[in-house]
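User: I am new to this structure and would like to learn how to read it. Can we go through it feature by feature?

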Amino acid sequence: MSVLEDARAVIAVGGVCDACLGRAFADRSHGLTNRERGRALRTTIGLDDDEPPDYVDPADCWVCEGYCGEFDVWAERAASEVEDVEFESYQVGTRPPALIEENERMLREDAGLDADAGEAFKSEFNREVGKRVGRLTDTEVDFGRPDVQFLLDLGDDAVVAEVNSAFVYGRYRKLERGIPQTKWPCSACNGSGRQGREPCEECDGLGYRYPESVEQLTAPVVEDVMDGVGATFHGAGREDVDARMLGTGRPFVIEVEEPRRRTVDTDRLQADINAFAEGKVEVEGLRLATHEMVERVKRHDASKRYSAQVAFDEPVDADAFADALAELDGATIEQETPNRVDHRRASKVRTRDVYEIEGELEGSRTATVEVHGEGGLYIKELISSDEGRTTPSLAGLLGIDAEVTALDVLRVDGESEPFENASFFRD
């Protein structure tokens, strides 16, 4: 059958508005709305029959039950839900009543059309309301991960606007020891701050094992500036609590939930964070990022450079020290999960490479050792041997017990390319 013959069959069913008529032929004559397509078909048939076209108001349409006349209404409702939200991109989804989907099936069946002819009501409603939302809010549709996602629940007569997270990337330096990267809930009170009716003695009622963290010294500022309802800190690995993070800093992303502001002055934000942290933590290189940057920060292979202060139980011969470092330089290290983290990490043997190592004796029993190694290399155990769980090790090669008394991380760099890839930034 021809398009006009099929259109006559749809019209003959009766009570079908132009949009529902045109939707059955949505794959024909691109560039028209379904309403325009349906009206054109109805007008052409009227001319061919020399009869006035029998137009049907959407309010009287049994297929869409009037919803095809309410695109503007639903778009305005959606826009009103985000009047105080700053965003650049959006996506619209529709949850139609089951009755409308059944009506569409019946229309195609009664007209003798294929069950999947044209497009679904839901697709048209998404598109037509979406176009209007874009015009009302001066934003762009994004079918990937938009700033805002609208759900139009026609059955419940509700519009739900979900504001997706915003992301800020940067690097931090931790200038004091004894500060963890993220909040560390107190194990004695499970983070509640209380033991029964009394404040927890272990954490003085704070709920945390440590009173401050890099997260607590940075994320609240970003959350406040972006007017969010929560914030999560994502780091590219983490240093030990007793280690400092110096040099070029460690990459991180702060994810702000349901932000009402997205366009922020990152230079000013950086200054605000640094003032808030009072010299305990510093951040630099802040940039607005995409959500993909979280995965990059957490998964991107990185090498690390460390400086360790080492103490030996016995005097160390300078030549033996130099020979041990030469043996470790470029070596592949086998490390069983260290005793100090065995309670929270899987017990297994990991192999990691030492790219470069050098050191200097500062006395017969102390030294400074600088190590550039593969990500995941346990430096304290590389020095101490961890009771033989790490081989080779500096202590094992010297035959003398050794301990890292102070550890600083100097650099965290991407193995294959820098973390700072332009495709992951929004500015």
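**Reading the contacts, cores and sheets**

Analyst: Start with one residue and its contacts. Leaving aside neighbours within four places in sequence, Leu-269 is in contact with Val-168, Val-221, Val-222, Val-225, Val-264 and Leu-286. Keep in mind that this is a predicted model.

User: Which residues touch the most other members of the largest nonpolar core?

Analyst: Leu-269, Phe-312, Val-369 and Leu-394 do, in a core of 67 residues. Helix H7 (residues 214-225) gives the largest share of this core, 6 residues. There is also a second, separate core of 40 residues. Val-10, Leu-107, Val-148 and Leu-152 are among its members.

User: Now the aromatic rings. How many aromatic pairs does a search of the whole structure find?

Analyst: The search finds 10 aromatic pairs. Take Trp-74 and Phe-125. Their ring centres are 6.3 Å apart and their planes stand at 75 degrees, so this pair is edge-to-face. Planes over 60 degrees apart count as edge-to-face. Next, look at where the two rings sit. Trp-74 is in helix H4 (residues 71-81) and Phe-125 is in helix H6 (residues 121-137), so the pair ties together parts 51 residues apart in sequence. Trp-74 and Phe-125 are both buried.

User: What is the geometry of the pair formed by Phe-312 and Phe-321?

Analyst: Phe-312 and Phe-321 are edge-to-face, with 6.3 Å from centre to centre and 80 degrees between the planes. Now check burial. Phe-312 has 5% relative accessibility, so it counts as buried. Phe-321 is buried too, with a relative accessible area of 4%. The cut-off for buried is under 20%.

User: How do I read the buried side of a helix? Which residues of H4 are buried?

Analyst: List the buried residues, then ask which way they point. In H4 they are Phe-71, Trp-74, Ala-75, Ala-78 and Ala-79. These residues cover an arc of only 140 degrees around the axis, so they lie on the same side of H4. Then ask what covers them. The cover includes H6, strand E3 (148-153) and strand E4 (158-163).

User: Is Arg-42 buried or exposed?

Analyst: Arg-42 counts as buried, because its relative accessibility is 4%. Arg-42 lies in helix H3 (residues 34-49). Its contacts, not counting residues up to four places away in sequence, are Ile-11, Val-16, Cys-17, Asp-18, Leu-21, Pro-53, Asp-54, Tyr-55 and Val-56.

User: And in a loop? Where does Val-341 lie?

Analyst: Val-341 lies in the loop between strand E12 (332-336) and E13. Val-341 is buried, with a relative accessible area of 3%. Sequence distance and spatial distance are separate things to check. Val-341 and Gln-309 are 32 residues apart in sequence and 21 Å apart in space, C-alpha to C-alpha.

User: Let us turn to sheets. What holds strands together, and in what order do the 4 strands of the open sheet run?

Analyst: Strands of a sheet pair through backbone hydrogen bonds, either parallel or antiparallel. Here 4 strands form an open sheet with mixed pairing, in the order E2-E1-E3-E4. Strand E2 (140-141) and E4 are at the edges with a single partner strand each, so one side of each has no neighbour in the sheet. Inside the sheet, strand E1 (residues 89-95) and E3 pair in the parallel sense over 6 bridges. Arg-95 stands opposite Asp-153 in E3.

User: Which strands pair with E14 in the antiparallel sense?

Analyst: Strand E11 (residues 302-312) pairs with strand E14 (residues 366-374) over 9 bridges. Strand E13 (residues 349-361) pairs with E14 over 7 bridges. There, Val-354 has Gly-373 in E14 as its bridge partner. A hairpin of 4 residues joins E13 to E14.

Technical notes:
Residues are numbered from 1 along each chain as its sequence is written. This is a predicted model: local features need pLDDT of at least 70, side-chain atom pairs count only at pLDDT 80 or more; totals for chains, interfaces and linings use all residues. Side-chain values use heavy atoms; hydrogens and water are left out. Two strands pair if DSSP finds at least two bridges between them. Helices (H or I, at least four residues) and strands (E, at least two) are DSSP runs, numbered from the N terminus. Rings of Phe, Tyr and Trp (its six-membered ring) pair if their centres lie within 6.5 Å; planes under 30 degrees apart count as stacked, over 60 as edge-to-face and the rest as tilted. Buried means under 20% relative accessible area, exposed over 50%, partly exposed in between (1.4 Å probe, protein chains only). The arc is that of the directions from the helix axis to the C-beta atoms. Contact means heavy atoms within 4.5 Å. A nonpolar core is a set of buried Ala, Val, Leu, Ile, Met, Phe, Trp, Tyr and Cys residues joined through side-chain atoms within 4.5 Å.
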